[in-house]
Amino acid sequence: MSAEEQIKATVTDNDVVLFMKGTKEMPQCGFSSRVAGVLNFMGVEYSDVNVLADDTIRQGIKDYSDWPTIPQLYVKGEFVGGCDIITEMTLSGELDTLFAENGVAFDKDAADKIRAANA
């Protein structure tokens, strides 16, 4: 299976996927840590893919999304964005809306706490 086929299977077989440096339990960069931290705090069930474990996936995900940086978040097979976009969407409430519209369970109170702490 090619990297592209593997990536496509991963994003279509899982409701929420985070391609990141490290794992959700042990992120290996600040940007990955921020996005994983938001998802973990909000109680989102997601699959994490450690791009540091496989160079073909690390480059493949950049080609797949036509986005040059990692982390990359996918919801229901669609690319959502990287760290800055996810941070903005969290603070604006757009991430809540995206999850709700796609049937992804999350803790609304936790999302509100993130916004209150950053107001």
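This is a predicted model: local features need pLDDT of at least 70, side-chain atom pairs count only at pLDDT 80 or more; totals for chains, interfaces and linings use all residues.
The structure holds 5 aromatic pairs. A pair of aromatic rings is described by the distance of the centres and the angle of the planes, and two of the pairs are set out in these terms below.

In the pair of Trp67 and Phe79, the ring centres are 5.4 Å apart and the planes stand at 55 degrees, so the pair counts as tilted. Trp67 belongs to the loop between helix H3 (55-65) and strand E3 (72-75), whereas Phe79 belongs to strand E4 (residues 78-81), and the pair therefore ties together parts that are 12 residues apart in sequence. The rings of Tyr74 and Phe79 also form a tilted pair, because their planes are at 50 degrees, with the centres 5.4 Å apart. Buried means under 20% relative accessible area, so Tyr74, with a value of 2%, is buried. Trp67, by contrast, counts as partly exposed at 29% relative accessibility, and Phe79 counts as partly exposed at 27%.

Apart from these ring pairs, a charged side chain is placed against an aromatic face: Lys24 lies over the face of Tyr46, at 4.5 Å from the ring centre.

Thr10 lies in helix H1 (residues 3-13) and is buried, its relative accessible area being 18%.

How do the axes of H1 and H3 cross? They come within 9 Å and cross at roughly 70 degrees, and the two helices are therefore roughly perpendicular to each other. On the H1 side the contact is made by Ala3, Glu4, Gln6, Ile7, Lys8 and Val11, and on the H3 side by Thr56, Ile57, Gly60, Ile61 and Tyr64. The residues of this contact between H1 and H3 divide into 6 nonpolar, 3 polar and 2 charged.

**Backbone features in the loops**

Most residues other than glycine have a negative phi, and most peptide bonds are trans. A cis peptide bond, with omega of about 20 degrees, joins Ile70 and Pro71, and Pro71 is placed in the loop between H3 and E3. Asp66 is found in that loop between H3 and E3 as well, and its phi is near 60 degrees, a positive value in a residue other than glycine. Lys76, which is found in the loop between E3 and E4, likewise has a positive phi, of about 50 degrees, although it is not a glycine. As to the surface, Asp66 counts as exposed at 68% relative accessibility, while Lys76 counts as partly exposed at 39%.

The accessibilities of residues discussed in this report are collected here.

| Residue | Relative accessibility | Class |
|---|---|---|
| Tyr74 | 2% | buried |
| Thr10 | 18% | buried |
| Phe79 | 27% | partly exposed |
| Trp67 | 29% | partly exposed |
| Lys76 | 39% | partly exposed |
| Asp66 | 68% | exposed |

How values were computed. Residues are numbered from 1 along each chain as its sequence is written. Side-chain values use heavy atoms; hydrogens and water are left out. Rings of Phe, Tyr and Trp (its six-membered ring) pair if their centres lie within 6.5 Å; planes under 30 degrees apart count as stacked, over 60 as edge-to-face and the rest as tilted. Helices (H or I, at least four residues) and strands (E, at least two) are DSSP runs, numbered from the N terminus. Buried means under 20% relative accessible area, exposed over 50%, partly exposed in between (1.4 Å probe, protein chains only). A charge sits over a ring if NZ of Lys or CZ of Arg is within 6 Å of the ring centre and within 35 degrees of the ring normal. Axes are lines fitted to C-alpha atoms, for helices over the stretch in contact, and angles run from 0 to 180 degrees between N-to-C directions. Angles under 35 degrees count as roughly parallel, over 145 as roughly antiparallel, 65 to 115 as roughly perpendicular and the rest as oblique. Contact means heavy atoms within 4.5 Å. Ala, Val, Leu, Ile, Met, Phe, Trp, Tyr, Cys and Pro count as nonpolar, Asp, Glu, Lys and Arg as charged, and the others, Gly among them, as polar.
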